[in-house]
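Please open the model in the viewer and keep the selection tool at hand. The stops below are to be visited in order.

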Amino acid sequence: MKGKLNNILQKVKDFWQQLTKKQKLGLIILSSAIVLIIAIVSVLTSITHYAPLYSRLSSSEAGQIKETLDSKGIKYKLSDNGTTISVPKDQVDNLKVELAADGIPQTGEIDYSVFSQNAGFGMTDKQFDVMEREAMETELSNLISQIKGVNSAKVMINMPKSSVWVSDKPQKSSASVVLQLEPGYQLNDEQVRGLYHLVSKSVPNLPADNVVIMDQFFNYYDKKSSGSSSELSAYQQQREIKHDIEKDIREQVQRMLGMMMGSEKVMVNVTTDIDFTKEKTKENLIKPVDPNSLDGVQVSAEHIKETYSGEGAGGKAGTGDNDVPGYQAGDGENGDFKREEERINNEFNRIHNTIVKAPYTLKDMGIQVMVEPPNPDNPASLPQDRIDDIKQILNTVVRTTLQDQGGQELNQNDVDQKTIVAVEKFNGKVPDQNQQNKGLPWWVYLLIGIALVMVIILLIWLIKRFKKGRKDNAIDLPEFNVAGGSLGNGEKPVKSEIDKYKQLKEMAKEKPDDFVKLLRTWLSED
């Protein structure tokens with residue numbers, strides 16, 4: 001074993017002596033680069049990635065979890081002023097299950113589970129009332145903490161004492177709530193009303209007027225001050241409707257132009273004017289059944305015919321002082337009297353219309369498109385025909401979406417004024433908010449790639465330098481033909497292995513330099 005080790009060391013030493021100074025320097029640089037790369041990769045792969053185990057902890061809860069992790073020998077980190085504990089990412093799920101099985105974290109607050117735990121023990125009425133109130137406050141705090149934007153909540157309930165006297169007016173409870181909101185978050189009116197309703201319905205005999213809600217900045221949330229919430233909600237609804245309409249049109253145009261120019265080469269903006277007026281009108285129309293003759297349906301007809309002959313039949317109607325107009329006077333001349341009358345009742349179509357105008361009418365719109373030319377520095381690289389095509393597409397979208405007041409299509413001049421196509425160079429890109437970095441940072445992969453490229457280039461350079469050095473150091477060696485049994489420099493032919501050994505022995509004594517070069521040649525060929 002020792003002989004083999006010495007032989008290997010001797011070969012390494014001989015190989016090192018064969019190299020030139022440049023080759024030795026290159027080999028040292030290559031070895032250092034490889035060691036450096038291995039060290040960098042080892043450090044990066046050995047970095048422990050931490051993930052939050054629990055957040056928004058109290059001081060007592062954080063102390064309990066910290067003590068448990070120390071006893072288990074698990075590494076952890078504290079952040080957010082000790083309210084967040086982070087552990088290695090691959091141990092988060094197991095630790096949550098193990099700590100939950102051990103009943104950690106213990107909040108120190110009383111909830112309804114205390115009644116089931118102490119059901120078999122004696123408890124006075126006062127103790128029961130105190131624990132019931134504490135449990136109610138704890139459960140109500142947990143409910144409020146589930147609301148978006150609320151980190152935690154403290155609830156104080158004041159319940160009246162029961163009286164032995166009968167009263168027509170029952171005593172009412174009161175409650176105070178202090179909210180710990182997330183930084184920068186503001187409760188809207190709907191959430192405030194929901195909080196008042198939640199607290200009021202969770203405590204017996206607690207009207208909403210007896211509830212006080214305040215945040216950590218002493219901002220008081222008044223339930224009565226939200227009277228204009230209907231107007232605000234109407235504004236929010238109209239704003240969302242306007243945003244949805246613009247978003248729908250913008251996405252359609254962006255998708256269509258993106259297929260033609262490329263999604264990163266087109267930027268679309270849509271503006272709209274929407275009429276939210278809601279009108280309700282009623283019409284009471286009477287129309288003939290037959291529009292040509294303007295006649296209705298004959299419902300009833302009455303025909304009257306009167307005739308009279310004799311004295312006083314020829315008097316003048318209504319000529320006396322006491323006569324009634326339209327009737328014959330008492331003293332008239334002899335003659336004949338005749339009267340005919342016809343009465344016809346027609347029924348026409350009676351139409352009652354209740355017209356409700358749609359409250360979301362698109363009155364006007366505009367589309368602005370920015371296009372980056374194929375050569376950003378040369379706007380003329382985008383042909384005019386392509387710009388005209390984009391303009392025609394936008395005009396078609398506007399024409400099919402809008403109509404004027406009379407329901408007629410818009411003229412070309414009106415449509416052209418509602419669409420704009422600008423050809424400019426894009427100086428920036430909008431960052432993607434949803435993009436998440438996963439794994440190692442990009443610069444780490446860049447460094448590893450650069451190091452690998454340098455190693456490959458150095459290896460190629462060393463191989464070329466080594467081959468070139470061998471050619472430069474090559475000399476004419478004595479030829480030795482085993483098959484033909486001859487040795488260079490005029491030596492006699494070799495007839496057997498013994499003769500070959502003798503000749504090599506003599507050559508080593510007489511010409512040691514040539515003998516060493518011959519051995520090196522054989523080793524390199526092998």
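Select Ile 37, Ile 40, Val 41, Leu 447, Ile 448 and Ala 451, which line the largest cavity. A cavity here is a set of points on a 1 Å grid over the protein atoms alone where a 1.4 Å probe fits but cannot get out, and lining residues have an atom within 4 Å of a point. This is a predicted model, in which local features need pLDDT of at least 70 and side-chain atom pairs count only at pLDDT 80 or more, while totals for chains, interfaces and linings use all residues. Residues are numbered from 1 along each chain as its sequence is written, and side-chain values use heavy atoms, with hydrogens and water left out.

The structure holds 1 cavity of 30 Å³ or more. The volume of the largest cavity is about 40 Å³, a volume being the space filled by probe spheres set on the points, which are joined across faces, edges and corners. Helices α2 (21-46) and α11 (442-473) are the elements that give two or more residues to its lining; helices (H or I, at least four residues) and strands (E, at least two) are DSSP runs, numbered from the N terminus. The lining comprises 6 nonpolar residues, no polar and no charged, where Ala, Val, Leu, Ile, Met, Phe, Trp, Tyr, Cys and Pro count as nonpolar, Asp, Glu, Lys and Arg as charged, and the others, Gly among them, as polar.

Next, select residues 150-158 and 220-221. The open sheet has the order β4-β5-β6-β7 with mixed pairing; two strands pair if DSSP finds at least two bridges between them. Strand β6 (residues 211-215) runs antiparallel to β7, joined by 2 bridges, and Met 214 stands opposite Tyr 220 in β7.

Finally, select Lys 66 and Asp 70. Their closest N and O atoms are 3.4 Å apart in a salt bridge, defined as a side-chain nitrogen of Lys or Arg within 4 Å of a carboxyl oxygen of Asp or Glu. Because Asp 70 and Lys 66 are 4 residues apart in helix α3 (residues 59-72), about one helical turn separates them.

Terms used
On a 1 Å grid over the protein atoms alone, a cavity is a set of points where a 1.4 Å probe fits but cannot get out, and a pocket is an open set with protein on both sides within 12 Å along at least five of seven lines; lining residues have an atom within 4 Å of a point.
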